[in-house]
Amino acid sequence: MTSSTKSGRWQRWRSRTPLSCLSRLVREFVAQNNTVQIKHVIQTLSQEFALSQHPHSRKGGLIGLAACSIALGKDSGLYLKELIEPVLTCFNDADSRLRYYACEALYNIVKVARGAVLPHFNVLFDGLSKLAADPDPNVKSGSELLDRLLKDIVTESNKFDLVGFIPLLRERIYSNNQYARQFIISWILVLESVPDINLLDYLPEILDGLFQILGDNGKEIRKMCEVVLGEFLKEIKKNPSSVKFAEMANILVIHCQTTDDLIQLTAMCWMREFIQLAGRVMLPYSSGILTAVLPCLAYDDRKKSIKEVANVCNQSLMKLVTPEDDEPDELKPVAQRQVEPNPDDSLAKQEGTASGGPDGSRDASFSSSSSVFVPAGTERAPVTLHLDGIVQVLNCHLSDMAIGMMTRIAVLKWLYHLYIKTPRKMFRHTDSLFPILLQTLSDESDEVILKDLEVLAEIASSPAGQTDDPGPLDGPDLRVSHSELQVPTPGRANLLNTPGTKGLECSPSTPTMNSYFYKFMINLLKRFSSERKLLEARGAFIIRQLCLLLNAENIFHSMADILLREEDLKFASTMVHTLNTILLTSTELFQLRNQLKDLKTLESQNLFCCLYRSWCHNPVTTVSLCFLTQNYRHAYDLIQKFGDLEVTVDFLTEVDKLVQLIECPIFTYLRLQLLDVKNNPYLIKALYGLLMLLPQSSAFQLLSHRLQCVPNPELLQTEDSPQAAPKSQKADSPSIDYAELLQHFEKVQKKHLEVRHQRSGRGDHLDRRVVL
């Protein structure tokens, strides 16, 4: 057939365009391998028909292109670009019928070409994603048929270009249309099910979008997204060695803080698994994880599931911190520091995606020493714990008074754990943490206070805190106004018996306490002074717990030394009374009481002198201290001085309480000594002295009845001439200058009297005196 004959037949087809003629003509061109004419036919159908301004011409062009593809058969793959492009253009036609015909035409083209269409998959997917949200039900139905066909082709083929497809998927996954979202999710499910397609490698690209789809209002879409995320999580558990945990950590951190319960619970479950599988690889992201997890610990039963998962995340992350993290960063290999991810950079990257999109833990039995998988592309090397960020997060949560109790407890547990595992690095932050830890002692919860005291006790006793200069004694809101309150230097306790030291020698200095111990005692007393309600409600509780956590002798020694120089005499008297009550009644101080009972050692004698000098702020407590230490003669001498004091209601109330204490089990030994009248005359005299101070009250009757039980009252007569101490009467220790102590007592009481007169005026003060 000549070229002129062919041209004539082509011109006649253009005027009639029956499909049978078109198909026959194309088949003839295929048989003759006439690609020029085939392209000419397709171009004519595209330009003059499918892309025409007239709807009927566009419809005919679409039908013609489909018929042409069918006629081409297996050779259609050579002309797919020319066949597909005009059809995809009609996807945007305003006429819904034309959009439907475009779907039908493309279906026939794809059905014939099969796997040959995969190089054009992205443009097909892009067009289908738009039709998935088409308002016309017929168009949507047609697009669904085409979608299923395309999924079958992808499933059957092993030539799918996943790398080229991911950028388009990442872009489309942020669509807000529910039908488009459903379309995206369905394709992810299909790709995930194909064995030859490893979508897990590209999960960081689409994970944020999946979590956003999980928040869709449509129940069906949320369910589909849950299934997809569940499949991915199963795959992660099967192949953890190929998972890019570090690239997804901050995505999870962001979605763990959302207000949507389903998203938050799912993200938290993922975080738990990540910490379990990746282990220490997650440590650089600890600050972000804690920011997300800690608030969840305070949730009520309405969010019980989230709270439980968050608790596991928190505990498991804590186990990842080891003593290795206390090593200086400069000692680590250079190669290691280079491979460590920067969580801030990663978070910034994720938030950049979030403008189009984004906004742990192993079981309690999962040991931190267990083997973990290292993500692909990183070296198996320890990672650095970014302690600065963690401490900042913990400090922020502890400072927030609106935060829940369980969160505050968790924060304090973290601080305690960090001081145990990484003490050297943590002490760099102690000055910033110290004020808020002291402030937390005013918390309403006993559990919070207990954990807070544990942290403070660890700070005060850790060897890592031993420095020559512990820094400022106070934080910004706690300033020491007394320049003489300084951290003691070693060896000052040996000056206890040096005349004229006036108690300065009583500062504790033992190997178990560090430079922060004395600072802690100073600031604790200042807090009690500024918050009297705290002292009244929790003072005894706090001090008793500290005696369990630290050395009780050091606590009383240091507090007595500080109170000796306290300018607020009323507070000093109140504080001494509190300490004395704790000393006499608390089971925690049993050993210390036994140590003071006998005063056999130089250390116990030094402690007595230190306590005595501060106890002088309160006359009655001073007498009770003498009773405890069996210094009965000195107690009698003190009571003799009471005649020179102002006897107020408060004074008599304290005498009344002392009488009640004498009847308690703590002074059983004292009451038994009343049976030995001959060897304990000054004990009986001291008790009679207290009786003479009391008005006719229940306490008077109680002590009077006790003294009536003393046998043989005639033996109370004693000679004034000096003689050796009786056998059972403890002799005065030669290292204790009781005369000097008595002078100190008189001096302190005189100062108290002067202050009372200055505050209230002589006349008003006399009104409060009691006439006996």
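Biologist: Is Tyr101 buried, partly exposed or exposed?
Modeller: Tyr101 counts as partly exposed, because its relative accessibility is 24%. Keep in mind that this is a predicted model.

Biologist: And what about Tyr100, what's its relative accessibility?
Modeller: For Tyr100 the value is 34%, so this residue counts as partly exposed too.

Biologist: How many aromatic pairs does the structure hold?
Modeller: There are 22 aromatic pairs in the structure. Tyr100 and Tyr101 make one of them: their ring centres are 6.1 Å apart and the planes meet at 65 degrees, so the pair is edge-to-face.

Biologist: Why do you quote both a distance and an angle?
Modeller: Because a pair of aromatic rings is described by the distance of the centres and the angle of the planes.

Biologist: What kind of pair do Tyr636 and Tyr682 form?
Modeller: That one is tilted, with 5.8 Å from centre to centre and 50 degrees between the planes. Tyr636 sits in helix α31 and Tyr682 in helix α34, so the pair ties together parts that are 46 residues apart in sequence.

Biologist: Are those two buried or exposed?
Modeller: Tyr636 and Tyr682 are both buried.

Biologist: Which rings are linked into a cluster?
Modeller: Phe121, Phe125, Phe160, Phe165, Phe183 and Trp187 are joined into a cluster through ring pairs. Two of these residues, Phe183 and Trp187, are among the buried residues of helix α10.

Biologist: Let's stay with α10. What is its span, end to end?
Modeller: The end C-alpha atoms of α10 are 23 Å apart. Its 16 residues should span 22 Å at 1.5 Å a residue, so the two values agree.

Biologist: Which helices do its buried residues pack against?
Modeller: The buried residues of α10 pack against α7, α8, α9, α11 and α12.

Biologist: What happens at the start of α10?
Modeller: There, a side-chain oxygen of Asn177 comes to within 2.8 Å of the backbone nitrogen of Tyr179.

Biologist: Nice! And which ring does Lys519 sit over?
Modeller: The charged end of Lys519 is placed over the ring of Phe434, at 4.6 Å from the centre.

Biologist: Are Cys68 and Cys610 buried or exposed?
Modeller: Cys68 is buried, with a relative accessible area of 1%. Cys610 is buried as well, and its relative accessible area is 1%.

Biologist: What about the backbone, what is phi for Arg114?
Modeller: Phi of Arg114 is positive, about 50 degrees, although this residue is not a glycine. Arg114 belongs to the loop between α6 and α7, and at 29% relative accessibility it counts as partly exposed.

Biologist: And Gln630, where is it?
Modeller: Gln630 is in the loop between α30 and α31. Its phi is positive as well, near 65 degrees, but Gln630 counts as buried at 15% relative accessibility.

Biologist: Last one: which side chain does Asn314 make a polar contact with?
Modeller: With that of Trp414, in a polar contact of 2.6 Å. Asn314 lies in helix α16 and is buried, with a relative accessible area of 5%.

Notes. Residues numbered from 1 in each chain as written. Predicted model: local features only at pLDDT ≥ 70, side-chain atom pairs only at ≥ 80, totals over all residues. Heavy atoms only, no water. Helix = DSSP H or I, 4+ residues; strand = E, 2+ residues; numbered from the N terminus. Buried < 20%, exposed > 50% of the residue type's maximum accessible area, 1.4 Å probe, protein only. Polar contact = N/O pair within 3.5 Å; in protein donor to acceptor, adjacent residues only side chain to side chain. Phe/Tyr/Trp six-rings, centres within 6.5 Å; stacked < 30°, edge-to-face > 60°. Lys NZ or Arg CZ within 6 Å of the ring centre and 35° of its normal. Expected span 1.5 Å × (residues − 1). Contact = heavy atoms within 4.5 Å.
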